[in-house]
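Have a look at the model, then read on.

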Amino acid sequence: MELLVAGGLFGAYALPPVSGKDELRKWFLDNVYGHAPLGRPADMAFTGNRILFGGGRLKVDLTVSLPPGASKEKPCPVLVMGDFRTWNNGMRGDEKSLKQKRQQEDLDAHAASRGYALIHYDLNEAAPDQPRRQELERLKKQGKPLPPCPYGLFDIYGGGDDRTETSWGTIRAWAWCHSRVLDWIETQPMLDAKRVAVLGHSRLGKTALCAGVTDGRFKVVYSNASGCGGAKLNRMPLPRSEHIGQIVDRFPYWFCKRFNVWKNRDAEIAHDQDEWMGLIASPTRYLYVASGSEDHWAGPQGEKAAAEGAAKAWEALGLTGMGGHVGYHCHKGPHDLGVRDLKLFLDFCDTRL
Ligand code: GTR
């Protein structure tokens with residue numbers, strides 16, 4: 001068959017289209033995000049709101065905001081997200097970082113006022129938002145001794161220097177870490193581990209989708225302005241939006257190496273992001289997608305069309321897609337996740353989570 005021929009239509013490494021849920025998930029992990037090398041690690045431990053990996057060599061601290069009146073008798077639903085400190089490779093004292101911090105605090109307060117716990121954390125602690133070499137240079141410049149795992153989870157579980165074509169990229173590693181947060185939630189009596197939503201904005205929206213597809217314990221999955229590699233259709237011609245070539249050139253470490261095969265071939269990619277999100281479909285699970293009307297880089301039309309495409313996976317199960325198991329809104333304005341978005345998302349969750 002033509003698609004299997006090395007160097008043929010789909011290139012030497014790209015895998016041909018597949019059918020079947022497991023095969024499809026594998027296709028996306030092989031071609032786009034890479035595979036996590038393990039599930040729940042034996043060397044993980046919890047202490048307070050801290051997750052320790054590799055026998056304590058790496059720590060991830062969770063910020064937990066609880067709604068008033070949360071108790072063991074009435075455990076509350078939970079929202080998990082990577083927080084805005086992930087931008088710029090961590091918080092700095094500059095105005096942009098401070099604005100992101102305030103934005104996160106507003107989200108925490110709104111979630112609490114609606115009866116939801118919100119857990120967020122700096123994903124740089126799990127895997128720095130930088131290529132390895134740059135991260136090491138950054139740390140060396142600080143003049144302090146290097147931490148035990150300067151490149152986070154990759155230094156403990158592999159896939160850094162020894163990266164293969166299909167090793168996990170940073171988005172997959174972050175999504176894996178969201179699953180470990182869910183492991184932690186399962187130990188917390190005030191939190192209802194059966195009612196957990198995973199969400200995120202932009203690169204963290206791509207991450208939320210990856211967590212939702214790879215871990216069926218997340219009941220609701222919300223991508224906000226995730227664009228290319230997230231909720232946007234690659235095949236839809238949207239000249240002002242980000243394309244695969246641009247994202248792999250700027251952020252090669254977010255994806256597996258093999259994603260390069262699809263560079264400048266967006267229109268012919270074997271499977272598109274509606275199929276990726278459709279993998280979340282089940283009678284008990286829900287998808288929510290949001291965009292910004294002026295966010296041309298993320299491609300709002302491509303995100304809406306992908307949500308509609310994904311909704312067909314629920315319809316195939318005899319369920320209502322859009323407006324039922326799948327929600328969508330587009331705020332007027334730019335690339336952003338604000339209280340106005342969280343409000344609409346929680347309206348969706350109130351009757352589903
Ligand atoms: C952009 C990138 C996008 C997007 C965004 C973000 O520079 O091109 O894919 O995810 O960053 O995370 O803010």
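Which residues of helix 2 are buried? They are Ser97, Gln100, Gln103, Gln104, Leu107, Asp108, His110, Ala111 and Ala112, with buried meaning under 20% relative accessible area (1.4 Å probe, protein chains only).

## Ground rules

This is a predicted model, where local features need pLDDT of at least 70, side-chain atom pairs count only at pLDDT 80 or more, and totals for chains, interfaces and linings use all residues. Residues are numbered from 1 along each chain as its sequence is written, and side-chain values use heavy atoms, leaving out hydrogens and water.

## Helix 2

Helices are DSSP runs (H or I, at least four residues), as are strands (E, at least two), numbered from the N terminus.

After helix 2 comes Gly115, with a positive phi near 90°.

## Aromatic rings

There are 21 aromatic pairs in the structure: rings of Phe, Tyr and Trp (its six-membered ring) whose centres lie within 6.5 Å, called stacked under 30 degrees between planes, edge-to-face over 60 and tilted for the rest. One of them is Phe28 with Trp276, tilted at 45° and 5.1 Å centre to centre. That pair links helix 1 (residues 21-33) to helix 8 (residues 273-278), 248 residues apart, and both partners are buried.

Note on methods
Buried means under 20% relative accessible area, exposed over 50%, partly exposed in between (1.4 Å probe, protein chains only).
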